[in-house]
Amino acid sequence: MGHCDGCPAARALEVPRATRTIALIGPPNSGKTTLFNRLTGLRQKVANYPGVTVEQHVGQARLDGGREVTLVDLPGVYSLTPRSEDEQVARDVLEGRMPGSPRPDAVLLILDSTNLGRHLMLAAPVLALGLPTMIVLNMADDLRARGGEVDAEALSRQLGAPVALASAMRGEGLEPVFRFVAEHSAPPAPVELPVLHDVPKCRAWAARMGKRAQYQPPAPPVWTRRLDAVFLHPVFGPLIFAAVVVTVFQAMFSWARPMMNMVQAFVAWSGAQVAALLPASPLRSLFIDGVWNGVGAVLVFLPQILLLFLFIGILEDSGYLARAALIADRTMARVGLQGKSFIPLLSAYACAVPAILATRTIENKRDRIATILIAPLMTCSARLPVYTLIIAAFLPERPLFGPLLGTRAAAMLGLYLLGFLAAFGTARVLKSSILKSEPASFVLEMPPYRRPTLESLGLRLLDRSKVFLRRAGTVILGVAVALWVLAHVPMIHGAAPPIEQSVAGTIGRAVEPVIRPLGFNWKIGVGLITSVAAREVIVSTLGTIYGMEPDAKSLGLQQALRHDLTLGGAAALLVFFAFAMQCMSTVAVVRRETGGWKWPLVQFAYMTALAYAGAFAANHIVMKLVA
Amino acid sequence: MQPSFNCRRPASLIDLGAGEQGILDRIELPEEISRRLMELGFVPGSRITAALSAPGGDPRVFRVDGSEIALRRETALHLKLRPEAAGGD
């Protein structure tokens, strides 16, 4: 790396060399990620650091002259004392001890200028690292608007490092930041630093530095106070909270529906178009029945998930999420969880995959793991086709409470309740045993309200849909192909065998003794195997097996099921689907978010055991009642 | 406004009603948690104002050092106030 701005020879040669790496560090709510997005735009990717649940955000900033610089967005931390996983990762990256992550050439320290007294404390350990550092005093617009002041020049002299007063959200004052990112700079000049592990001394040091830079803290945020008086009002607060929850639900189940139908219709239509072009062969069947329909089954959830993330994004960026967490905290605390688990668990009613991604807002690792572990027990929308089919086949529609609630709706509600109780019961057990939190660990910072920007919402949607499509899509693709093979091998005269003679049929028969106590025969067994890809696949599998139209509303399929399944078996099947982790996308996302195979395996084993025991009990109880 | 004190025990953050202030004296919690709280601004000697709370009064938001932090009652109980300096403006 050399000082060769505008040096044509260097560019012409295109010598491969390590690019300059700059780490971004700052406390939570300092606007660090906003600045990262400003500098990198769409040129960023997210991964997990090896073996930990901490995300690695890496992006490229393109500078004048086409040069690129690598930026690493570290997790938000209040200090570099390694106590939490986040602090350990931040420290390891800054000291060059993180495998696969080179020691950064320079550091951007992002602090909230409206809260400098506290945020400046982080400057001490960062400057002590001795790396070239620029301190970005972010949210300068807010500081100014609320009558605060700081002398950046004077602060720079005090800290021995360049200081920029900027607003990442508005893109103000970023020229010096871009210059710092582009050019080599000297390590910080030696200055007076406090004893790093003594927090009160660090706080006093930060106050002294602020004072010498004529720091004038801003007036309290008037609008935040006014809004909080409404959103945290003893009566209106919970009402608004309930309205938000209802809106999110409505969006997931009503507004997303037309878009989901469109995606479904498009997948079917395009599949038919492609099928028409291919000659009839096993390969066409693999492509259409395996790949196309398998991926389509996942793609259909994308509108719902995008809408969900749009809502979560607005809630989080505006600052309301912290208030919602505050309101929900007491209720969640009853099962050992906390307020921040609420929104992810609400999302799990749509799909566990976005719910698990949404747990990223929970800083407490134990609470986050507990939320991830129980999320798939909430009734996701992939269970609905299965529930609809079985309930329609076995439960005659009769009014229960006048015209308000029929037997079928009551059964559906009962299944929702069952999933909810299983989730919260499990949370209670986990949080009072292996995932017990340290006492008094719940701390929730209430950021000022801010207007969400389209840019940040857009980037968030893009990031989440990429994760969803890549993780869920690739897993489903593999599983769909594997299941197609199981159902079509061994071929008889180049055509698929009847399903009972296929490998899937053989496996179904092999597992029959295991599932017979649940009231299932081998056909249901095949359905259980294929639905490992995604729950609703069992409907089309049963359709294939019984030679009926593979649709939850198909009367032929309902009749065939009534013929083959006792009432006990039907109840057992419903309970099995309520509890089992029949979803490879979820397994894949849990593995990614928890940084290893330990938790997804524990979860899969636990949920399968729960499903088996629950289905066994349901079968025997219902059979006793009927007899 | 004057917070009402129970004479038997030193006042803590839970004794502050909405809008009342106090000076933090000490944090009676394990090292790790008290460090975290100090990093968030709960440094002994700092002035803390109780603000709004969730319905039912728990958790409550506290203003300290220019930011707003919500603590559960079980935590706030262990943040003891300086008796002589406690009181409203």
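Helices (H or I, at least four residues) and strands (E, at least two) are DSSP runs, numbered from the N terminus. The views below show a predicted model, in which local features need pLDDT of at least 70, side-chain atom pairs count only at pLDDT 80 or more, and totals for chains, interfaces and linings use all residues. Residues are numbered from 1 along each chain as its sequence is written, while chains are lettered from A and ligands numbered from 1 in the order in which they are written.

**View 1. Chain B and its order of elements.** Chain B has two helices and five strands. Along the sequence they follow the pattern β-α-β-β-β-α-β. Of the 89 residues in chain B, 46% are buried. A residue is buried if 20 or more other C-beta atoms lie within 10 Å of its own, exposed if 12 or fewer, and partly exposed in between, with C-beta atoms placed from the backbone.

View 2. Strand S3 (residues 60–64) of chain B pairs with S4(B) in the antiparallel sense over five bridges. Two strands pair if DSSP finds at least two bridges between them. Arg60(B) is opposite Leu71(B) in S4(B). Two residues lie between the strands of this hairpin, and Asp65(B) takes a positive phi near 55 degrees. Five of the five residues of S4(B) are buried, so the strand is largely enclosed by the rest of the structure. Ser67(B), Ile69(B) and Leu71(B) are buried on one side of S4(B), and Glu68(B) and Ala70(B) are buried on the other.

**View 3. Where chain A meets chain B.** The contact takes 28 residues from chain A and 30 residues from chain B. Here two residues are in contact if their C-beta atoms, placed from the backbone, lie within 7 Å. The side of chain A that touches chain B divides into 15 nonpolar, five polar and eight charged residues. Ala, Val, Leu, Ile, Met, Phe, Trp, Tyr, Cys and Pro count as nonpolar, Asp, Glu, Lys and Arg as charged, and the others, Gly among them, as polar. Among the elements of chain A that each supply at least two residues of this side are helix H11 (236–277) and strand S10 (443–446). S10(A) pairs with strand S4 (residues 67–71) of chain B in the antiparallel sense over four bridges. Glu445(A) has Ile69(B) as its bridge partner, and Met446(A) stands opposite Glu68(B).

**View 4. The nonpolar core around Leu109(A).** A nonpolar core is a set of buried Ala, Val, Leu, Ile, Met, Phe, Trp, Tyr and Cys residues joined through C-beta atoms within 7 Å. The largest one has 204 residues, and Leu109(A), Val136(A) and Leu137(A) have the most contacts inside it. Helix H25 (residues 567–579) of chain A gives the largest share of this core, 10 residues.

View 5. In helix H8 (residues 175–182) of chain A, Val177(A), Phe180(A) and Val181(A) are buried. These residues are on the same side of H8(A) because they cover an arc of only 100 degrees around the axis, the arc being that of the directions from the helix axis to the C-beta atoms. Helix H3 (residues 85–94) of chain A contains Asp92(A). Asp92(A) counts as partly exposed because it has 18 C-beta neighbours inside 10 Å.
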